[in-house]
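Good morning, and thank you for coming. Please look at the sequence and the structure on the screen while I describe how this chain is arranged.

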Amino acid sequence: MKTPTCSPETFSPLLRDGVDVYFNQGDEVTFVYLATRKRLYVACEGFLQDSLAWLTGRSTLTELLARLPQSENQSAQKKFLSFIDYLFGRGIVVDKDWINDLPFPPDYLLRLERHMNFLLDLCGTPDGVVSVQESVCSCTVGLVGVGAVGGWLCAVLPMMGFGKFILIDPAVVGPSSLSRHAFHRTDLVGMPKVQAAEAFIKAVDLSADVRTHQVAVIPETDLSLILGDASIIINTADEPYIGHLNIVLGRFAFRKGIPFFAGGGFDAHLGCAGELLVKGKTPCADCYSAYFKQAVADWKPVTHPVHFRRNSFGGLPTLAAFSAFSAAIALLRYFIDGSITSDRTELYFQAYKQEHFKISKRENCKFCNHP
Ligand SMILES: [Zn+2]
């Protein structure tokens, strides 16, 4: 990767579009990253402030050095080089061709240009962007359930550059799918959801590697046959029972040492943003289950008079999309620096606020503590 210090003859400094610059009192300059709202305050001399207007990408660093005042040339050159190096290290200045120089196919870069710029705000350098995006590219996403929530993930994950998927769902697209699923189209009614989801992913990325299994995950399912090479498992299926599925899939993921995401966004979990569970960092799915069992221990509802309640739960597509996109954000944060928000987050629709509460590992949990 081209850097200012190593290649001044070919490095053409460009002040990025996504960073605003404010000149404050005295010698202070504020840089504001528009994508993240992050602010950076830098003290720098007047001639360095003036040089920011030079950073258009039309001149190489060597050519810019020649513009500096001759009288104090040596010292000014040293300060200017150090200034550019500093701005480069914080993703404020890049080489004009930085995106094209990333080691990804040209059509991938064209499609993900804004995504890469956003990553640069977070990672600081083009090398950091490469490291994150290579992890995204090589990740095989095992997605169990491609309905109201999983369908939206099939939209947003390819847009972030994920290109390998294992899709698992036994159902077919039905009339009610049209008001809930991302891949809604009247002509798809009757088609297996995994096929509709595969076509949806390939509409974004024709080269995506998608494997499909039109099966339900039941106690007899040999997960190693269908999810054996997954790098991450996401559960957005609510049948046969989401709590059971989270435990089965969560244990499998912990045994494999890969992250597991328990999705929310449907039925009784409508406002739940979902949780990313990673062995050694968060409680396991069994600890979550035990927490809720204990939390509702004194809550004894009468047997519900309606036996089949499936169609009575709410199903706002906005809440399903909210949970799916929360999951996508959680995954990207994890890929960037291993960050995990282990709190459970729930959205209260009428109050329009999110509540967070902490769930801890159980002492001596055999799944959390197993080597
Ligand atoms: Zn545990």
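Let me begin with a term: two strands are said to pair if DSSP finds at least two bridges between them. Helices (H or I, at least four residues) and strands (E, at least two) are DSSP runs, numbered from the N terminus. The model is a predicted one, in which local features need pLDDT of at least 70 and side-chain atom pairs count only at pLDDT 80 or more, while totals for chains, interfaces and linings use all residues. Residues are numbered from 1 along each chain as its sequence is written.

First, the chain as a whole. The chain holds 13 helices and 13 strands. Along the principal axes, its C-alpha atoms fill a box of roughly 90 × 45 × 45 Å. Of the 371 residues in the chain, 34% are buried; a residue is buried if 20 or more other C-beta atoms, placed from the backbone, lie within 10 Å of its own, exposed if 12 or fewer, and partly exposed in between. Two residues are in contact if their C-beta atoms, placed from the backbone, lie within 7 Å. Among contacts between residues at least 6 apart in sequence, 67% join residues at least 24 apart.

Now to the sheets. Strands of a sheet pair through backbone hydrogen bonds, either parallel or antiparallel. An open sheet of 3 strands has the order E2-E3-E4, and its pairing is antiparallel. Its edge strands are E2 (19–23) and E4 (39–43), each of which pairs on one side only. On average, neighbouring strands here are turned by 20 degrees against each other, direction ignored. For these angles, axes are lines fitted to C-alpha atoms, for helices over the stretch in contact, and angles run from 0 to 180 degrees between N-to-C directions.

How many bridges join E2 to E3? There are 5 bridges between these antiparallel strands, and Val-21 stands opposite Phe-31 in E3. E2 and E3 form a hairpin with 4 residues between them, and Gly-26 in the turn has a positive phi of about 70 degrees. On to the next pair: E3 (residues 28–33) runs antiparallel to E4 and is joined to E4 by 5 bridges, with Val-32 opposite Arg-39 in E4.

E3 also leads us to a helix. In helix H5 (residues 113–123), the buried residues include Met-116, Leu-119 and Leu-120, along with Asn-117 and Asp-121. What covers the buried residues of H5 includes E3 and helix H6 (126–138). Just after H5, Gly-124 takes a positive phi of about 95 degrees.

The other sheet to consider is an open one of 6 strands, in the order E8-E7-E6-E9-E10-E11, with mixed pairing. Here the edge strands, each pairing on one side only, are E8 (209–213) and E11 (275–277). Neighbouring strands of this sheet are turned by 15 degrees against each other on average, direction ignored. E7 (residues 164–168) pairs with E8 in the parallel sense over 5 bridges, and the partner of Leu-167 in E8 is Thr-212. E6 and E7 likewise pair in the parallel sense over 5 bridges, where Gly-142 has Ile-166 in E7 as its bridge partner. Is E6 (residues 140–144) mostly covered or mostly uncovered? E6 is mostly covered, with 4 of its 5 residues buried.

Next, the interior. A nonpolar core is a set of buried Ala, Val, Leu, Ile, Met, Phe, Trp, Tyr and Cys residues joined through C-beta atoms within 7 Å. The largest such core has 62 residues, and those with the most contacts inside it are Leu-143, Leu-153 and Cys-154. Helix H12 (residues 317–337) provides the largest share of this core, 11 residues. A second, separate core of 17 residues includes Phe-31, Leu-48, Ile-92 and Trp-98.

Finally, consider how two helices meet. The axes of H7 (residues 150–159) and H12 come within 9 Å and cross at roughly 40 degrees. H7 is therefore oblique to H12, since angles under 35 degrees count as roughly parallel, over 145 as roughly antiparallel, 65 to 115 as roughly perpendicular and the rest as oblique. Residues that meet here include Leu-153 and Val-156 in H7, and Ala-324 and Phe-325 in H12.
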